[in-house]
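Please look over the sequence and the model shown here before reading on. The notes that follow are meant to be checked against both.

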Amino acid sequence: QVQLVESGGGLVQRGGSLSLSCAASGIIFSIYAMGWYHQAPGKQRELVAAITSGGTATYPDSVKGRFTISRDNAKNTLYLQMNNLKPEDTAVYYCRLMHTDYWGQGTQVTVSS
């Protein structure tokens, strides 16, 4: 059974940092591309970072230079380091096994102004 469990969300002030983790089980983690998405109230879920099985990362312009996605295949864990956070980053953050319907339950990130 595939499970993705996020942790690390919380409340932070503008300009602050947070680090999210996504622990995966039930899969051979190292062979899959993984992604982080966020969804703000009333908006569609959007991709904020993706990483291939080989470790190549991609980001939309909105977070480039501020967010860093990484993975530790030995720990079956995906990470998202978020720096210089802005109020518009406020959303529920989800990890996803890319190109599948497997998602984590989400973790709330709130950035106050």
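The briefing below covers the sheet, its central pairings and the nonpolar core.

This is a predicted model. An open sheet of six strands runs in the order E2-E10-E9-E4-E5-E6, with mixed pairing, and its edge strands, E2 (10-13) and E6 (57-58), each pair on one side only.

**Strand E4 and its neighbours**
- Five of the six residues of E4 are buried, so this strand is largely enclosed by the rest of the structure.
- E4 pairs with E9 in the antiparallel sense over six bridges, where Gly35 stands opposite Arg96 of E9.
- E4 also pairs with E5, again in the antiparallel sense, over five bridges, and here Met34 has Ile51 of E5 as its bridge partner.
- The hairpin of E4 and E5 has six residues between the strands, and in it Gly42 takes a positive phi near 75°.

**Nonpolar core**
- The largest nonpolar core contains 27 residues, and those with the most contacts inside it are Trp36, Phe67, Leu78, Leu80, Met82 and Tyr93.
- Strands that each supply at least two residues of this core include E4 (34-39), E5 (46-51), E9 (91-97) and E10 (107-112), together with E3 (18-25), E7 (67-72) and E8 (77-82).
- Once neighbours within four places in sequence are set aside, the contacts of Met82 include Phe67 and Tyr93, as well as Leu18, Leu20, Val109, Gly16, Ser17 and Arg66.

Key: Residues numbered from 1 in each chain as written. Predicted model: local features only at pLDDT ≥ 70, side-chain atom pairs only at ≥ 80, totals over all residues. Heavy atoms only, no water. Core = buried A, V, L, I, M, F, W, Y, C linked by side-chain atoms within 4.5 Å. Buried < 20%, exposed > 50% of the residue type's maximum accessible area, 1.4 Å probe, protein only. Helix = DSSP H or I, 4+ residues; strand = E, 2+ residues; numbered from the N terminus. Contact = heavy atoms within 4.5 Å. Pairing = 2+ DSSP bridges.
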